[in-house]
Amino acid sequence: MNFYQDILDGSHLAAGRLIKLIEDGDPNSYGALKKLYPHGGNAFIIGITGPPGAGKSTLFDRLIAEFRADGKKVAVLVFDPTSPLTGGAILGDRIRMNRHSSDSGVFIRSLATRGALGGISRAAKGATIVLDAMKHDVILIETAGLGQIGADISLLAHMTMVVCIPGMGDGMQAIKAGTLELADLYVVNKADLPGAEDVKHDLESMLKFKLASETTRQPEIVLTSATQNRGVDELRCAIVSFQQRIKGDPRLSEKARHQTTRYLEQLIKELAADCFWCNIRSSQAFLNALTAVETLQTDPYSAARDIVGRLLEGGLKNPDR
């Protein structure tokens with residue numbers, strides 16, 4: 001399959017297959033990504049995170065409908081936790097968005113976190129490159145919902161939303177997770193439940209205290225009830241307002257540069273680790289070090305430093321060293 005041209009033509013099948021290769025770390029995915037990268041820079045990427053049970057997927061379902069009513073093409077990436085025992089994931093969140101499955105203007109894909117602690121996997125950036133090249137106007141990314149915001153999503157999205165709900169102590173959770181520094185918009189979902197106004201008040205108090213000495217605009221707080229489709233239009237308006245507000249803002253360019261820097265660093269680390277390990281695992285030096293550690297002749301920390309030192313000196317390929 002010609003991934004490059006088919007994806008530029010908007011093929012959901014080609015996009016799904018390429019994203020699967022990216023997830024698996026297949027080298028064949030890099031060629032397509034290299035060609036697709038220059039075609040990006042069009043989509044507005046929105047990250048959403050919050051504790052499990054906050055209704056993030058239902059909220060996404062409602063937001064998709066709002067954006068589609070505006071004629072926008074929407075892509076959704078939903079990350080689910082990976083089992084530490086089997087390596088699998090339920091990947092069931094998109095069931096809640098099933099009514100959009102027949103809409104050619106909506107692409108929905110579930111991915112596993114594969115052990116990543118930030119609520120999204122390393123495949124996330126590659127997947128957004130694919131979806132951006134398909135000329136989606138909006139890309140929604142839902143983290144695995146670990147109860148604390150993952151800094152990873154703020155390094156990928158133009159806008160980060162944090163979803164809170166009444167009765168779960170989300171105000172204190174926000175402080176512990178560092179959301180005051182990373183969130184661009186707060187959503188108090190399930191606002192039909194008692195305590196929603198209290199959560200909003202707590203967030204307003206914390207933000208006022210945190211931003212009192214700063215010139216940063218205070219993040220907006222929107223109350224919604226996704227199941228009842230209440231407040232979702234106000235949320236869409238808040239998102240559009242934020243998007244318009246940051247156009248031309250030099251801080252957006254700084255953020256984009258920071259995101260590109262981190263992604264480039266990640267790629268270099270991954271490639272370097274792969275190259276190092278391919279050299280190390282077949283070397284006699286590794287086998288000797290393994291024996292020495294097992295027999296307590298040395299400790300694993302000293303053995304690892306010695307192997308890396310030899311590799312950097314270019315001498316690891318010599319089995320006599």
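Guide: What follows covers the sheet and then some helix pairs.

Guide: This is a predicted model, in which local features need pLDDT of at least 70 and side-chain atom pairs count only at pLDDT 80 or more, while totals for chains, interfaces and linings use all residues. Residues are numbered from 1 along each chain as its sequence is written, and side-chain values use heavy atoms, with hydrogens and water left out.

Visitor: OK, what is the strand order in the open sheet?

Guide: The seven strands of the open sheet are ordered β3-β2-β4-β1-β5-β6-β7, with parallel pairing; strands are DSSP runs of E with at least two residues, helices are runs of H or I with at least four, and both are numbered from the N terminus. Two strands pair if DSSP finds at least two bridges between them.

Visitor: And which are the edge strands?

Guide: Those are β3 (106-112) and β7 (220-223), each of which pairs on one side only. From one strand to the next, the twist averages 20°, where angles run from 0 to 180 degrees between N-to-C directions and axes are lines fitted to C-alpha atoms, for helices over the stretch in contact.

Visitor: How many bridges join β5 to β6?

Guide: Four bridges connect β5 (residues 159-164) with β6 (residues 185-188), and the two strands run parallel. Met161 stands opposite Leu185 in β6.

Visitor: Changing topic, at what angle do α4 and α10 pack?

Guide: Helix α4 (residues 56-69) packs against helix α10 (residues 232-246) at about 70°, with the axes 10 Å apart. That makes α4 roughly perpendicular to α10, a label for angles of 65 to 115 degrees, whereas under 35 counts as roughly parallel, over 145 as roughly antiparallel and the rest as oblique.

Visitor: Which residues meet there?

Guide: From α4, Leu59, Arg62, Leu63, Glu66 and Phe67 meet Val232, Asp233, Leu235, Arg236 and Ile239 in α10, with contact meaning heavy atoms within 4.5 Å. By class, this contact of α4 with α10 has six nonpolar, no polar and four charged residues; Ala, Val, Leu, Ile, Met, Phe, Trp, Tyr, Cys and Pro count as nonpolar, Asp, Glu, Lys and Arg as charged, and the others, Gly among them, as polar.

Visitor: What about α2 and α3, how do they pack?

Guide: Helix α2 (residues 12-24) and helix α3 (residues 28-36) pack at about 120°, with their axes 9 Å apart, and that makes α2 oblique to α3. The contact is made by Leu18, Leu21 and Ile22 of α2 with Ser29, Ala32, Leu33 and Leu36 of α3.
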